[in-house]
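This report covers a helix pair, the overall fold, a loop residue and one further helix. The sequence and coordinates are shown first.

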Amino acid sequence: MEFGWGSTGKEIVDLFKDRVAGKTFLITGPTPGGIGAESAKSLATADPKHLILAGRTLSKIQPLIDDLSSTHPNVKVSFVQLDLANLKSVREAAESVKVALAGDKIDVVILNAAVMACPYALTADGVESQFATNHLGHFLFGNLLLKDGLVGSRVVVVSSLASQRKADFLMPALKDLTYDHGKTYDPIAAYSVSKACNVLYAKRLAKMLAPKRISTFSLNPGSILTNLQGYITEDMRNQAMEVFRKENPGVTLPERKSLQQGCATQLRAALDPSLDGHSGAYLDDCQVKETTEHKDAEAYMDEVWTLSEKLVGEKFVF
């Protein structure tokens, strides 16, 4: 099969159904109408053992749970309450995962949840909300699962095209993640910072987990119209692309994908055995993609890791 922009999640799952049947998957942010939910529905068609859905509120995820239970009654579905913007909730969620697993392991973790371009706000832990939700919460959650030996095969971190921006534009924000208490806050730029950190987290994890034969990947799912863009107007999108083009003249406004196309890249990252030798890679349109921007950002990889450990109050060595 040729993988590309038009590949769908169901095509990927059908091709690698032997990597799904009898396996356990955890997905964060599986809200109906988003690519996390679409990934869960696609995986369910190949008879996984267990789908663990981690989200902020049960009421939002319940329609997906009901759908999966109705269409695939043999698949065990569990809900874990997870508020990525609250470090206490993240720690509690990691403990709840242990209970849901009942001695089992997660084969693949898909760190999918995100917020995008929201108004300036600090979390209860004093961290800018996009950095907290998109990167820091996932950093702590993923690392706690790994620390307890609960992950067997892969960690997939859903990033964005927004990560492909010049490091010397994005990474100075690490020195002051309050953005001078909101005075210098740009919602699109802050989103880009969080998504660049997703890529660096996956790259650093790949090195640390190599002896355990656990692969990690980050990816751009593409442009999909979901509730993630609730704060984005068309003018904001166009203005952001104008700024983006000044840093990266070759970039073009991405064509919209369907939900099925949108979940395909993360499912290839989760399932394709041919990617085992590419741990740490970034995927775009279902293909491994190397970018100058990500290569340059690697100079900040250790700084992002150390800062993240400081903010969560725990060091991680696997």
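## Packing of α5 and α7

In this predicted model, the crossing of α5 past α7 is right-handed. From α5, the contact takes in Q130, F131, N134, H135, H138, F139, G142, N143 and L146. The α7 side consists of P187, A190, Y191, V193, S194, K195, C197, N198, Y201, L205 and L209. By type, the contact residues comprise 11 nonpolar, 8 polar and 1 charged.

Helix α5 covers residues 129-147 and helix α7 covers residues 187-209. Their axes lie 7 Å apart, at an angle of about 15°. Angles under 35 degrees count as roughly parallel, and α5 and α7 are therefore roughly parallel to each other. An α-helix has 3.6 residues a turn, so residues three or four places apart point the same way.

## Overall dimensions and content

The protein contains 11 helices and 10 strands. Along the principal axes, its C-alpha atoms occupy a box of roughly 50 × 40 × 40 Å. The radius of gyration is 18 Å, which agrees with the value near 20 Å that a compact globule of 318 residues would have.

Buried residues make up 56% of the 318 in the protein. Among contacts with a separation of 6 or more, 79% are between residues 24 or more positions apart.

## The loop residue H72

H72 sits in the loop that runs between α3 (58-71) and β3 (76-81).

Leaving aside residues up to four places away in sequence, H72 touches A44 and T45. Along the chain, H72 and A44 are 28 residues apart, while their C-alpha atoms are separated by 6.6 Å.

## Burial of α2

A44, one of the residues touched by H72, belongs to helix α2, which spans residues 35-44. How many of the 10 residues of α2 are buried? The count is 9, so the helix is largely enclosed by the rest of the structure.

The buried residues of α2 are I35, G36, A37, E38, S39, A40, S42, L43 and A44.

Note on methods: Residues numbered from 1 in each chain as written. Predicted model: local features only at pLDDT ≥ 70, side-chain atom pairs only at ≥ 80, totals over all residues. Heavy atoms only, no water. Axes fitted to C-alpha atoms, helices over the stretch in contact; angles between N-to-C directions. Helix = DSSP H or I, 4+ residues; strand = E, 2+ residues; numbered from the N terminus. Parallel < 35°, antiparallel > 145°, perpendicular 65-115°, else oblique. Left-handed = near helix turned anticlockwise from the far one by under 90°. Contact = heavy atoms within 4.5 Å. Nonpolar A, V, L, I, M, F, W, Y, C, P; charged D, E, K, R; others polar. Rg over C-alpha atoms; globule rule 2.2 N^0.38 Å. Buried < 20%, exposed > 50% of the residue type's maximum accessible area, 1.4 Å probe, protein only.
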